[in-house]
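Below is a short briefing on one protein chain. Look over the sequence and the structure first, then read the points by topic.

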Amino acid sequence: MSSLPRKVSQAQIARDLGVSQALVSLVLNGRRDGINAATYERIWQHTALCGYRAKGMNPAAAPAAALHPQIGAILRPSLTLSRLGNYFSHVQHGLHAGLEASGGSTAFLGSADEFDAARLARLFPTGHRFHGLAIFGEVSPAFLRKLLSRQPRLVSISACPDRPGHTVNGDEKQSLDLLVQHLKKLGHRRIGWLGGKAGQGRHETRRDAFHAALLAAGLASDPRYETARTEADRAEGAEAIHKLLPLARRADFPTAFICYNSLMATGATLALNHAGWETPSRLSIVGADLPRPPTKREPAVTGAGTCAHSLGHAAASLLLESAPAATLDYQHLTLPARLIIGETSGPAPSAFSSHQFAELARA
């Protein structure tokens with residue numbers, strides 16, 4: 001049974017913000033003289049988020065950003081709306097849903113590599129309309145500092161957790177622990193890595209988490225059976241597994257591979273099945289994120305990760321609930337991961353014949 005919603009009052013708003021009820025009353029009636037501008041905005045913002053409405057309020061006195069906050073969205077370099085992909089499209093939807101619930105909205109501002117000094121000045125003049133900024137993916141610290149100087153309310157989504165501003169990330173360590181433990185329970189002792197987005201922070205974080213998960217499980221890593229591609233789609237997954245197939249004659253060839261994401265896992269699985277090498281009976285393939293629902297022509301991939309929609313929703317909450325710049329305290333959130341078991345992982349094969357290795361190597 002759900003609990004009744006909290007009854008909001010000026011007294012409750014005052015307690016939430018650590019100010020006097022008299023100050024809340026003055027602000028909501030439009031009084032500005034003698035009141036700190038940051039406190040004025042903070043009270044209106046919290047009032048709007050709580051949904052408080054009362055006789056005597058003067059909504060016309062509210063800062064526009066408090067009642068209808070608009071968040072600017074910026075994509076990492078080389079990422080465009082046409083190449084947003086399955087992952088960041090879900091993040092964007094979560095951000096949109098979280099903002100819309102509070103009367104907010106997003107505005108797409110472009111990719112990080114499209115910004116220069118003139119563009120920054122044009123988008124962020126003194127008193128600009130953006131209540132905050134959401135950065136999708138990893139951008140340079142120098143670019144972040146430029147943005148923070150114009151809008152301190154900023155959240156980086158799926159980026160290095162030590163970056164300036166708020167950050168929201170999935171628990172990569174937990175994701176890889178779940179995958180390695182799942183494969184270990186199925187009898188796998190030799191597990192390889194098919195990486196993507198080589199050189200980017202997220203790949204390094206996931207690969208490091210992969211190595212740590214193997215170590216924690218008492219399993220050894222083998223760099224001969226690790227590869228990293230520039231991108232991370234189906235084609236890259238197929239190319240990554242094909243690159244390692246010439247090594248399949250070896251007795252210590254992995255019985256399972258963990259891929260950078262479920263798209264690569266799908267590509268690797270389809271490539272192996274097309275070559276007549278059935279998964280998971282001969283080789284298990286899993287992805288280090290939550291897999292999307294499969295199509296009729298695709299397998300249901302086993303994967304572990306954080307819900308992308310939840311990342312976007314958490315980012316919206318951080319931006320809407322942030323105090324004004326003068327009192328901003330940045331938070332770094334790590335959301336939990338979960339495991340979804342699909343059709344691409346199964347018990348480790350007990351043995352391979354030399355004929356089977358030769359067949360796989362020729363695929």
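For sorting residues by class, Ala, Val, Leu, Ile, Met, Phe, Trp, Tyr, Cys and Pro count as nonpolar, Asp, Glu, Lys and Arg count as charged, and the others, Gly among them, count as polar. The model discussed here is predicted.

**The cavity**

- The count of cavities of 30 Å³ or more comes to one.
- The largest cavity holds about 60 Å³ of space.
- Its lining consists of Ser262, Leu263, Thr266, Pro291, Arg292, Pro293, Pro294, Glu298, Pro299, Ala300 and Val301.
- Sorted by class, the lining of the largest cavity has seven nonpolar, two polar and two charged residues.

**Ala300, a lining residue**

- Ala300, one of the residues that line the largest cavity, sits in the loop between strand S9 and strand S10 (302-305).
- Ala300 and Thr344 are 44 residues apart along the chain, and their C-alpha atoms are separated by 6.8 Å.
- Which residues does Ala300 contact, leaving aside its neighbours within four places in sequence? They are Pro294, Gly342, Glu343 and Thr344.
- Of these contacts of Ala300, Pro294 is also named in the lining of the largest cavity.

**Helices H5 and H12**

- The axes of helix H5 (residues 85-100) and helix H12 (residues 308-321) come within 6 Å and cross at roughly 40°.
- Because of this angle, H5 counts as oblique to H12.
- The crossing in which H5 passes H12 is right-handed.
- On the H5 side, the contact is made by Tyr87, His90, Val91, His93, Gly94, Leu95, Ala97, Gly98 and Leu99.
- On the H12 side, the contact is made by Ala308, His309, Leu311, Gly312, His313, Ala315, Ala316 and Leu320.

**Backbone features in loops**

- Is the peptide bond from Thr279 to Pro280 cis or trans? This bond is cis, and its omega is near 5°.
- Pro280 is placed in the loop between helix H11 (262-274) and strand S9 (284-287).
- Ser158 is a residue other than glycine with a positive phi, near 55°.
- The loop that holds Ser158 runs between strand S4 (154-157) and strand S5 (166-170).

Notes
Residues are numbered from 1 along each chain as its sequence is written. This is a predicted model: local features need pLDDT of at least 70, side-chain atom pairs count only at pLDDT 80 or more; totals for chains, interfaces and linings use all residues. Side-chain values use heavy atoms; hydrogens and water are left out. Axes are lines fitted to C-alpha atoms, for helices over the stretch in contact, and angles run from 0 to 180 degrees between N-to-C directions. Helices (H or I, at least four residues) and strands (E, at least two) are DSSP runs, numbered from the N terminus. Angles under 35 degrees count as roughly parallel, over 145 as roughly antiparallel, 65 to 115 as roughly perpendicular and the rest as oblique. A crossing is left-handed if the near helix is turned anticlockwise from the far one by less than a right angle, and right-handed if clockwise. Contact means heavy atoms within 4.5 Å. On a 1 Å grid over the protein atoms alone, a cavity is a set of points where a 1.4 Å probe fits but cannot get out, and a pocket is an open set with protein on both sides within 12 Å along at least five of seven lines; lining residues have an atom within 4 Å of a point. Grid points are joined across faces, edges and corners, and a volume is the space filled by probe spheres set on the points.
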